[in-house]
Amino acid sequence: MSTREYDVTAIEKKWQAYWEANKTFKVNDFEPGKPKFYCLDMFPYPSGAGLHVGHPEGYTATDILCRYKRMRGFNVLHPMGWDAFGLPAEQYAVETGTHPAVTTERNVNRFREQIKALGFSYDWDREVNTTDPGYYRWTQWIFEQLHKKGLAYVAEVPVNWCPALGTVLANEEVIDGRSERGNHPVIRKPMRQWMLRITEYAERLLEDLEGLDWSEGIKEMQRNWIGKSEGAEVDFEIVGAGAQVTVYTTRPDTLFGATYMVLSPEHPLVERITSDAQRAAVSAYRDEASKKSDLDRTELSTEKTGVFTGAYAVNPVTGGQIPVWVADYVLISYGTGAIMAVPAHDTRDFEFAQKFGIPVVCIIEPDAAEAAAAGVCPADVLQGKACWTGNGRLIRSANAQGLDLNGLEVRDSKRATTAWLQARGIGKAAVKYKLRDWLFSRQRYWGEPFPVVHMADGTMRLVDEGDLPVMLPAMEDFKPTGTGEPPLAKAAEWLDYTDPRTGEKGRRETNTMPQWAGSCWYYLRYIDPRNEHAAVDPAKEKYWMPVDLYVGGAEHAVLHLLYARFWHKVLFDLGYVSTKEPFQKLVNQGMILGLSYKDGRGALVPMELVDLRPDGPFHRETGERLVEFAAKMSKSLKNVVNPDDVIREYGADSMRLYEMFMGPLEAVKPWNTQGVEGVARFLKRSFRMVVEQPLTDDPLTPEQQRLLHATIKKVTDDLETMSFNTAISQMMIFINAFSGHAKPLPRAAAEAYVLLLAPFAPHLCEELWESLGHVGTLAYAPWPAYDEACLKVDEVEVLVQVLGKPKARVMMPNGADESVMKELALAQPAVQEALSGKAVRKVICVPNRLINIVAN
RNA sequence: GCCAGAGUGGUGAAAUGGCAGACACAGCGGACUUAAAAUCCGCAGACGGGUCAUUCCGUCGUGGGGGUUCGAGUCCCCCCUCUGGCACCA
């Protein structure tokens, strides 16, 4: 019996050094006979703030799984690297004068150190960094493949220009008219930009979601973002203009109710069809609309605005003339930039028609039940006083040219109208997507340069693959120019290009790629990180792909995951990768919230003003009683928990265990440092049980045997479903039974327990494994197996209910059949009493669990 | 407004349609200690009854209301609240 202390720091340092020195987690490219498991963590951006407690949550989950899989005989690829290009380092650089390369290296070193302190089993020989020329060479190479396939193009487009950041942003990076990073205002401005044709892949990005093992929520978010809709394009003649306008509608069935048409302010035909009388008003309106930023558009979205063009269009089914308006509720970027307006059956058109006195013609009689449920009065709809967008039967919808929709349901009349239009050559079925092409250039310094040269003769060419990478030039002054011209325009020497063969002159592209570029393919580079001849070796790619498990935050639900899937599909089409999807299974860890406090008025109180007394939280200055609640960790609330502090106080194993014990991985959970003490206590007890209790080779008692095997089974099953919290609970139950002062501990139980706990608390368990007399690491020790036979018990307690109320608990033989159960149950005095004077009607038997006697 | 997810003790949570609250935190009581910390043992959904005390008994209880079922936290319908996402997308 030893009286050793559980010296957390010493033990954790010792085993981290051991793993590093022995390259315990180095992965071989191929392991014949072993199944592979590729487990990926989302690429961290190494910010100056260092790790927060949210990072280790996902990392711990994947690490536990990887350690478990190794013990189950898998060849496990578990890498880590850095998404190190990006705005924050550059802004910091502009503010402090420190070069982003310096900041980035410092931050990466800090992150690596913090991550290593948690004892994760990464193969550090595969570390990658997006800012490394050996890496971005291949990012540039992939761009060239996209370009050669016609998927990259330059366009003069109205973009989201953020003056504060001095760059444009993708639609996805703009939230409510403000930048996602930094929350700065964004305005619309036409600029020359690089675009990627992600829209070409819209259908496949949508379809292939089906086969993925992702949460329904994330799939749905991607579906919404892609925004597929099916409808029809319909041509309308413009009276006397010799022109026609094509509109897109999802409701061709409502064509008989179209009482006006709207063009978006940017629509190319507006100029041509506007009457002289209306010209001034229309051009003023268009001017006004063009000045609106996205922010204005969203904020002023309540009131509809618009102006009449003076032109009329012919409704192709009625032959009637309807006015053509210009209004900014129609967007040039979606559909055809023009709509037919059916105020009776579209809420936006209804609002607009009400405001401008345009007739409302009802052509669908609402389904009575549905209308009642929606609180809409059908009579109002029929009179054009209310809008109905639901189901019903068509009325007033027939013409002399053979189209008769009257009496049809919405669905059928959509089909009938489309067919009629198509037969006459004035319309056709059409599919549209909300997804837009991806704005791929940024006017910043700290990003991948485009491998593109603009030649003096006006042509543009890609840099030869052999000349990649195009290095990012070292610059002292990389501040935004403010004009929209990128900082690289100031890199005089770098800028000028002379063709080494022909001597032709050119100028390099000065835009850089967005941060997403590097993270679009890093999972491929991990497979073959030092390859100088290819982004990834095809044989290795085939062996490792797809990623079997990808864990990260839900904040990347659309941006990163959609872009990466797009690039992957392009590489698949070009034959460079073997799977059509990169990430087979995706799990999003829930955010970890900090404990916060608010006073009676609901005002947030920073942590340092909170006095935590035994009877509750109080305001340090006012003495007011405060209310505890969970809120996002933020600097202003001072409720940010730093992993370094937790590790220093309790150790990495406790940190890991607590993060997993808090609750289900995918749930949002509040951090509570007191909870760490609980798991730290559990680890301490584990240490003492193995080290201090006398080990015995005596066989386990049947009860011990049963609990041991039940624990192996529970932990194993829970790991397969990533239910880490309940696996830990089971181990706590185990230790509650096996630990005790000077209580003999069967060696078989001790060994199995240490192996079960090892993926969760690897440092402690390596130490215990050693103290049990083993040499070297347990990282590849076989995972304990359980025996179903040991789980069996001879007798089980069965609940006896009468009319659903518990009356007795009876020990019965395991597997007793219905008649035996019934007999034993009826013999119970309490049951007899409850049944007195009643006739048994029915007996429900659930073997080994309960018996319910129904009587009256 | 639309889409998705979630509402269970003081707290984090657990529960193949079968004894709600396992496991843990905080709390309370006790042991050890000169004392404290650490550790160990015990109590613990609410209300009521009963008892020296424990066992015990009854009623209520998984956001609210209905339903299906012998039996509902779990399945179905309606509503409320919260979180996340989208939002003039025709």
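Contact here means heavy atoms within 4.5 Å. Keep in mind that this is a predicted model.

**Stop 1: the sheet.** Select residues 36–41, strand β1. With β24 included, you have an open sheet of 4 strands. Read across it in the order β2-β1-β24-β25; the pairing is parallel. From one strand to the next, the twist averages 20°.

**Stop 2: one strand pair.** Zoom in on β1 and β2. They pair in the parallel sense over 3 bridges. Show Phe-37 and look for its bridge partner in β2: Val-76.

**Stop 3: the helix across the sheet.** Select 54–71, helix α2. This helix lies across β1, β2, β24 (549–553) and β25. Its direction is at about 170° to β1.

**Stop 4: the largest core.** Show side chains for Ile-115, Trp-671, Phe-682, Phe-724, Met-731, Leu-757 and Phe-760. These have the most contacts inside the largest nonpolar core, which has 90 residues. Next, select helix α22, residues 673–692. Helix α22 gives this core its largest share, 9 residues.

**Stop 5: around Trp-671.** Go back and center on Trp-671. Which residues does Trp-671 touch, leaving out those up to four places away in sequence? Among them are Val-53, Ile-592, Leu-593, Leu-595, Met-633 and Val-641. Tyr-658, Glu-659, Met-662 and Val-676 also touch Trp-671.

Terms used:
Residues numbered from 1 in each chain as written. Chains lettered and ligands numbered in written order. Predicted model: local features only at pLDDT ≥ 70, side-chain atom pairs only at ≥ 80, totals over all residues. Heavy atoms only, no water. Pairing = 2+ DSSP bridges. Helix = DSSP H or I, 4+ residues; strand = E, 2+ residues; numbered from the N terminus. Axes fitted to C-alpha atoms, helices over the stretch in contact; angles between N-to-C directions. Core = buried A, V, L, I, M, F, W, Y, C linked by side-chain atoms within 4.5 Å. Buried < 20%, exposed > 50% of the residue type's maximum accessible area, 1.4 Å probe, protein only.
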